[in-house]
Amino acid sequence: MAHRSSGLHRVLDRPRVYERFQRLLGAHAARRRLVDEFLRPYEGARLLDVGCGTGSLLDYLPRGVDYVGFDLNAAYIAEARTRYAGRGSFFCARVGGETVDGTFDFVVAKSLLHHLSDQDAHSLLATAGGLLRDGGVFFSSDPVRHQDQPLLARMLVALDRGRNVRWPEAYAELVRAHFPAVETTLMTDLLPIPYSHFVMRAENRKARPEPGLS
């Protein structure tokens, strides 16, 4: 993980401090918008949340979603298990084929790719592709650098705990190596402060044999 965890960033490793900070920045409205406009989950879907943090995504999902969350921060997972007991399954581990059973309709990597090197991002995306059913959706949102970005927004993005905040083309290139159908959106109004996000929604299309071939 390319992740800053010293100084003031260390405080955000505490789950309740992290959630208060997120809500102060306007995370409630932002999460609702991301789920409703881009993720678009449905009741009965099976969803894997990679880098789930405190499991707060559950607050915005239909009650019937079968939710599984993974995170490497043990304190976040402990908080999630307490807060959402009975609503989801939470694991303090790195997600992989050996740690997950079955397939999913959605794999979510919210605010995660900018914490990963290219190599680790490709590993995650390959895992996601293997865990998604045919027609399933990979979703991500991350801070982004872009042309004509206001100075304050660029400065705030540079302060993020993730060390690998990318340009839009770099994010898209990572995902397109694993998913051919990728929708991308650059957002500059997700939060009430000057900030920029890059959202990707990719459909998993399993390879099918050519007609007449066996």
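User: What should I know about the model before we start?
Analyst: It is predicted: local features need pLDDT of at least 70, side-chain atom pairs count only at pLDDT 80 or more, and totals for chains, interfaces and linings use all residues. Residues are numbered from 1 along each chain as its sequence is written, and side-chain values use heavy atoms, with hydrogens and water left out.

User: How many aromatic pairs are there?
Analyst: Six. Rings of Phe, Tyr and Trp (its six-membered ring) pair if their centres lie within 6.5 Å; planes under 30 degrees apart are stacked, over 60 edge-to-face, the rest tilted.

User: How are Phe-138 and Phe-179 arranged?
Analyst: They are stacked, with 5.6 Å between centres and 10 degrees between planes. Phe-138 is in strand S5 (residues 132-143) and Phe-179 in the loop between helix H7 (168-176) and strand S6 (181-187), so the pair ties together parts 41 residues apart in sequence. Helices (H or I, at least four residues) and strands (E, at least two) are DSSP runs, numbered from the N terminus.

User: Is Phe-138 buried or exposed?
Analyst: Buried, at 1% relative accessibility. Phe-179 is buried too, at 0%. Buried means under 20% relative accessible area, exposed over 50%, partly exposed in between (1.4 Å probe, protein chains only).

User: New topic. Where is Gln-149?
Analyst: Gln-149 is in the loop between S5 and helix H6 (151-158). Its relative accessible area is 8%, so it is buried.

User: Which side chain does the Gln-149 side chain join in a polar contact?
Analyst: That of Ser-196, at 3.1 Å. A polar contact is a pair of N or O atoms within 3.5 Å; within protein, one must be able to donate a hydrogen and the other to accept it, and residues adjacent in sequence count only if both atoms are side-chain atoms.
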